[in-house]
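I opened a new notebook page for this structure.

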Amino acid sequence: MKKIAIIGSTGSIGTQTLDVAAAHPDQFQVEALAGGSNIQLLLEQVRQFRPRIVSVGTAGLAEEIKPHLPAGTRLYCGGEGLIEVAAGSDADMVVTAVVGSVGLRSTLAAIEAGKQIGLANKETLVTAGHLVMERAAAKGVAILPVDSEHSAVFQCLNGERRAEISNITLTASGGSFRDLTRDQLSHVTVEDALKHPNWSMGAKITIDSATMVNKGLEVIEAHWLFGTPYEQIKVLLHPESIVHSYVEFVDGSIMAQLGTPDMRVPIQYALTYPQRMSAPGKRLSLAEVGQLHFREMDYERFPCLRLAFECGKIGGTAPTAYNAANEIAVARFLNKEISFLQIEMILERVLEEHQAAAHPDLDTIEAVDAWARKQARQLSF
């Protein structure tokens, strides 16, 4: 039985990870859960899975939830709580499902504790890929991708030589507004943006999908996960989200991973690797789908993706500034402070002001993260 801990258990990836655990109770034991502010859902999870360690976002929430926890449950909060869930339990594997750069220190703590990582928190590699991969290699820790695109590439590369990769192509649905023109984007609402055509995801990642920032973060993540130069990473629009990604090798052969848009499949693969187990959910029928469509990426239509490639190639703290500015811009959009197109304007203006530092340590990364957030909050239009 594999023991698991989940950072971000009340979010979209966290709840689906627990769905997988519940479907295979003889295979998984939940040792620790970190939620945010949704303590009602967290309590339901605690009652069902009986973790030994629980963490919430603040001390106030900890006082609120404490009387309702089973006797003997260790309770923590804030950043310390994330680190305890990541490194202080008997878990064999830590699923980092929290959204944003807040997951960085807890992921590093889990690596130092020798835990296998199921990585759904792409911002960890975007902001500090060089530190994370270096420490994982030093500790002999496996970083197993949970994102559908990176899981697809990971599966395509099983048994293959990395030196024989010609290029990696990440597919993108295009998000809620893939068929709208730039002029039409001027009038879209928060409610429109949250209607993703294919995937069931949280609010932040759904907005990132519409701006294509999510794909930009995935490009940077792929660079670190697979050691692939940015020149060998491509993005292709694929509205059906059936081909999750593919790899072309030097002999012209292409391997792709296909499936229905169900995050429980890549989550379960990360949890059970190198084995596979039966999974619930609808199976893919290509005959039923009938046709698959692909379009070249338009980097003028999706400038946030172009910015991601540029930041990745610059390296250093540039991806950190990109990610931090985007987190604030998306929050401002969701709060209806700015328009949809002003998200990319904030990214562009923050990046214009940023002077990238090469080979940053953790303190430098966190300082740049704080600076970029402050700049993004202050910008007015």
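In which sense do strand S8 and strand S9 pair, and over how many bridges? I looked this up at the start. Strand S8 (residues 165-172) and strand S9 (residues 233-237) pair in the parallel sense, over five bridges. I note the rule for pairing: DSSP must find at least two bridges between two strands. Helices (H or I, at least four residues) and strands (E, at least two) are DSSP runs, numbered from the N terminus.

Some ground rules. The model is predicted, so I note that local features need pLDDT of at least 70, side-chain atom pairs count only at pLDDT 80 or more, and totals for chains, interfaces and linings use all residues. Residues are numbered from 1 along each chain as its sequence is written, and side-chain values use heavy atoms, with hydrogens and water left out.

Entry: the five-stranded sheet.
I traced the order as S11-S10-S8-S9-S12. The sheet is open and its pairing is mixed. At its edges I found strand S11 (254-258) and strand S12 (295-296), each pairing on one side only. Contact here means heavy atoms within 4.5 Å.

Entry: the seven-stranded sheet.
I read the order S4-S3-S2-S1-S5-S6-S7 in an open sheet with parallel pairing. Strand S4 (74-77) and strand S7 (143-145) are at the edges with a single partner strand each, so one side of each has no neighbour in the sheet. On average, neighbouring strands of this sheet are turned by 25 degrees against each other, direction ignored. I then checked strand S1 (residues 2-7) against strand S5 (residues 93-96): four bridges join them, and they run parallel. Ala 5 has Val 94 in S5 as its bridge partner. Two helices that pack on this sheet went into my notes. Helix H2 (residues 39-49) touches strand S2 (28-34) and strand S3 (53-56), and its direction makes about 175 degrees with that of S3. Helix H4 (residues 78-87) touches S1, S2, S3, S4 and S5, at about 135 degrees to the direction of S4.

Entry: the two domains.
The domain assignment gives domain 1 (2-145) and domain 2 (150-260 + 301-314). Such bounds come from an automatic or database domain assignment. Their C-alpha centres lie 26 Å apart. Domain 1 puts 14 residues into the contact, and domain 2 puts in 15 residues. How much area do domain 1 and domain 2 bury between them? I noted about 1200 Å², 74% of it on carbon and sulfur atoms. Buried area is the accessible area (1.4 Å probe) that two parts lose on being put together, summed over both. Lys 122, Val 126 and Pro 145 supply 47% of the area that domain 1 buries against domain 2, more than any other three residues.

Entry: salt bridges.
I used this rule: a side-chain nitrogen of Lys or Arg within 4 Å of a carboxyl oxygen of Asp or Glu. The count comes to 22 salt bridges. Between domain 1 and domain 2 the count is one salt bridge. Glu 123 forms a salt bridge with Lys 204, with the closest N and O atoms 3.3 Å apart. I also looked up Arg 52 and Asp 90, whose side chains meet in a salt bridge (3.5 Å, N to O). This pair links distant parts of the chain, 38 residues apart: Arg 52 is in the loop between H2 and S3, and Asp 90 in the loop between H4 and S5.

Entry: backbone details.
The peptide bond from Tyr 273 to Pro 274 is cis, with omega near 10 degrees. I placed Pro 274 in the loop between helix H12 (264-272) and helix H13 (286-289). Lys 336 is not a glycine, yet has a positive phi of about 65 degrees. I found Lys 336 in the loop between helix H15 (318-334) and helix H16 (341-353).

Conventions: Axes are lines fitted to C-alpha atoms, for helices over the stretch in contact, and angles run from 0 to 180 degrees between N-to-C directions.
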